[in-house]
Amino acid sequence: MSRAEMERLGWDSCDVILVTGDAYIDHPSFGMALIGRLLEAQGFRVGIISQPDWHSAEDFRRLGKPNLYFGITAGNMDSMVNRYTSDRKIRSDDAYTPNAEPNRRPDRAVTVYAQRAREAYPGVPVILGSIEASLRRIAHYDYWSDKVRRSVLPDAKADMLLYGNAERALVELTHRLARGEKIEAIRDLRGTAYMVARGWKPGEDWEEIDSTEVDRPGKVEPHPDPYAMNDSGPVAEAPASRAGTAELKFMPTLARVALRQARRSRTVVRLPSYEQVRDDPVLYAHASRTLHLESNPGNARALVQAHGERDVWLNPPPIPLSTAEMDGVYGLPYARSPHPAYGDARIPAWEMIRFSINIMRGCFGGCTFCSITEHEGRIIQSRSEESILKEIEEIRDKTPGFTGTISDLGGPTANMYRMACKEPQIEASCRRLSCVFPGICENLDTDHAPLLRLYRKARAIPGVKRVLIGSGLRYDLAVRSPEYVKELVTHHVGGYLKIAPEHTEAGPLAKMMKPGMGAYEQFRQMFEKFSQEAGKEQYLIPYFIAAHPGTTDLDMLNLALWLKANHFRLDQVQTFLPTPMALATTMWHSRKNPLKPVGRATEGVETARAGRQRKVQKAFLRYHDPENWPLLREALKDMGRADLIGNGKRHLIPSFQPAGTGGKGNFGLKGAPRGEREKHGQAHGQERDLVHRILPPARNQNSGHTGTAARDARPGKRTGAGKGAGKAAGARQGGGGKGRK
């Protein structure tokens, strides 16, 4: 962090200097700490430049010239999601900054930091990483500028980009650079991207195919005509005699699979160029679908996309870490606290996660608004019981302020721990976008027994009074194990449990790749039954998204009616936020559905893009707020549903407007006769009583999002997510809410 610290360590220089937009917190939930400790364990001297002044290159010279490279990250969250709301308004705070001070990082921080590092020390390699780099590795739609932008590589003038779970690639890259290899010669690492000359290939044996060949069931070879008497006939000639007959050979299935995999490993898929996807939304949707189809590490091919006269080359995704590797990463000697330079400053992201533990990575849910898949992948990577229990003991023994409560044992999804495909060969060849949509795959092992054992052992640790589950729960998986739901409800719910139906209507749910409300209702019944048996008064907190692609005003009205019928009043709701590379963002930009083969005549996706319509859809989620009533009255009249305006129980919103809220409504109080003012006051009081009777204050719920990034340090918890190379990446950027599943 400073030259003084280097001098105390006896260092004259750093091998690697990492630059981050976050405050430096030495905890595995924060990607910068995880990467720094990992490289340190490999014998490298690592320096950290936290939240530098980007207005000049001077602050980037703080630790001197690195011997190997600059590692650049925006932090645990995408800098644009971190700084702006879904309405493109600047946020008033930054959870990753001391005292939540805003404006401590630039817009598009990865690009700015990389340029300043290059300016500080020309010739030093610049390596990009973290959620912001991962989600901008190819041409992408940028919501804040409302245009398709180039890959971050040419804009940042970087030498290489590491995406996804980058530990393995980063360690190998660093060792190879230390051995004297040139950065431009290192082209074989999975999970990396770089700029190359147009048409470059790693070797002569590589084949390039067009992306239009990807989205098909397979290449169909025409059957030869056995009666043809020309060169196009059957290849094999009829034997003249039995003795001269060539032996017919059968290739075993495993050999055929190996041959096919060998061919795929030497194939690169050419996506439409940046210029093409910039100008043609249909080609953008096609490129997005192709990228997601090529995201399984078991069968993904390299991708290439032209940017002007050069290409952006993407190697296949990284192989997921094994349990032993995960244990090694999370078992490094973290201080588990902010850097002492911050003194007593309050860092909200740290306070949120300091008593929580990340037990796994990845998510096979495939929710289209979520960025976890693009960053961490669909294959679950789980830590061992021993590693997790040891971390609980370290929290108990080393973390100041611990009172006996573990706030979370989770990850991107609370209950996917150790779940995987039943057959590794099936997993390696699968190209599904989700393991649980439209239904749970028959090849998915949904056993909750390992998680139950973990919960029970965690509760039994001396000094641990409670273990809560703060991450979002995948309830369509949970209902398959009533024993798990009972254990969860009886021991691990602190009064409220977060789950994310996201919507009630089939149209939006299909575009989100979320289950229907039948699974929610089944889980709700189990939750209430087991809560009652445990003698506890507990509540579900449902999350919903407004203005998600595929959502009509009628869909939002039906959702509002469901909320009222079920006595829910949501607080702090927000509208869908399009984040780079997410499939829902593709729908938003292109108005096409990339969940199916994309063509110019294929299904269009209705999207609430106009400001007023987005406000209306958001207002339906808070139908009980008087500030929203004037807008909703107009909307209901336009929809032909004025019958829902009135002062009875069957009405959604009242026909009057309280003084000092939202507008005049049906009463212009100023200057009105005294009798009218008295009648209005009586009606207002009656309606307030009615609202509180139908919707008890105890059921007030905080949705915490609906479409914006979870403002916490948990990786994968929506920019979410992502996660530097670990848990703290903030991966659920586009879906909103903390770990909503």
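Analyst: Two strands pair if DSSP finds at least two bridges between them, where strands (E, at least two residues) and helices (H or I, at least four) are DSSP runs numbered from the N terminus. The model is predicted, with local features needing pLDDT of at least 70 and side-chain atom pairs pLDDT 80 or more, while totals for chains, interfaces and linings use all residues. Residues are numbered from 1 along each chain as its sequence is written, and side-chain values use heavy atoms, without hydrogens or water.

Strand E1 (residues 16-20) and strand E4 (residues 69-72) run parallel and are joined over four bridges, with Tyr-69 of E4 as the bridge partner of Val-16. Both strands belong to an open sheet of 10 strands, ordered E3-E1-E4-E5-E8-E9-E13-E12-E11-E10 and mixed in its pairing. At its edges are strand E3 (46-50) and strand E10 (207-210), each of which pairs on one side only. On average, neighbouring strands of this sheet are turned by 25° against each other, direction ignored.

Helix H2 (residues 31-41) lies across E1, E3 and E4 and runs at about 175° to E1, where contact means heavy atoms within 4.5 Å and angles, from 0 to 180 degrees, are taken between N-to-C directions of axes fitted to C-alpha atoms, for helices over the stretch in contact. Helix H7 (residues 167-178) lies across E1 and E4 as well as strand E5 (126-128), strand E8 (160-162) and strand E9 (192-197), running at about 150° to E8.

As for the ring contacts, the charged end of Arg-187 sits over the ring of Tyr-194, 4.1 Å from its centre, which by definition places CZ of Arg (or NZ of Lys) within 6 Å of the ring centre and within 35 degrees of the ring normal. The charged end of Arg-88 sits over the ring of Tyr-143 in turn, at 3.9 Å from the ring centre.

Aromatic pairs have ring centres within 6.5 Å (Phe, Tyr and the six-membered ring of Trp), with planes under 30 degrees apart called stacked, over 60 edge-to-face and the rest tilted; the whole structure holds 19 of them. One of these is the tilted pair of Phe-523 and Phe-527, 6.3 Å centre to centre with 35° between the planes. Both residues lie in helix H20 (residues 517-533), four residues apart, about one turn of the helix. Ring pairs link Phe-523 and Phe-527 with Tyr-475, Tyr-520, Phe-544, Trp-562 and Phe-568 into a cluster.
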